[in-house]
Amino acid sequence: MPRKTYTTDLTDAEWKLIEPLLPAERRRGAPRTVDLREIVGAVLYITKNGCTWRDLPGDLPHHKTVYAYFRAWSTDGTLEGIYRTLHRRWRQRKGHGACPSAGILDSQSAWTTEAGGKRGFDGGKFVTGRKRHLLARAGAKEVLAEAGLAAPPSTCGRA
């Protein structure tokens, strides 16, 4: 029975870009039995559809295998390398430099209760809670976010 096609399946041109960025097969141990193109397609399926690992369709590789590759690639920086390479190419196609030269930084103080965990005090806005920081690269698809105390207690004059 032929495998069903999914919207997350890679074209030959897309696969040609990604394949060299994936780790080579190890010389020791059992030979690889799964097709890495299928693994990447399964990871993209999870990302697009927001389903759990166990809900992968049966004609894709087993969810434990896909998760093991995803975990290894997340840990060793493979996914970050793929993202950076594709993002660089996207920027160049749009006529921008490979690396962004500007960004936008913003912060927001949010009220929280003691039940929500640790909180601080933002003296500028008189807010007790947490502060969120967002960094967006100008004209890019990437946003970095971090949340923390509005101000650590030591900076508020408390011990």
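**Exercise 1.** Work out whether Arg3 is buried, partly exposed or exposed, then find its salt-bridge partners.

*Solution.* Start with the cut-offs: buried means under 20% relative accessible area, exposed over 50%, and partly exposed in between (1.4 Å probe, protein chains only). Arg3 comes out at 29% relative accessibility, so it counts as partly exposed.

A quick note on what you're looking at: this is a predicted model, where local features need pLDDT of at least 70, side-chain atom pairs count only at pLDDT 80 or more, and totals for chains, interfaces and linings use all residues. Residues are numbered from 1 along each chain as its sequence is written, and side-chain values use heavy atoms, with hydrogens and water left out.

Now the partners. A salt bridge is a side-chain nitrogen of Lys or Arg within 4 Å of a carboxyl oxygen of Asp or Glu. Arg3 pairs with Asp9 at 2.9 Å, N to O, and with Glu38 at 2.8 Å, N to O. (Helices are DSSP runs of H or I, at least four residues, numbered from the N terminus.) Together, Arg3, Asp9 and Glu38 form a network of salt bridges.

**Exercise 2.** Find how Arg84 and Glu80 are placed in helix 4.

*Solution.* First, their side chains meet in a salt bridge (2.9 Å, N to O). Next, count along helix 4 (residues 78-93): the two are 4 residues apart, so about one helical turn separates them.
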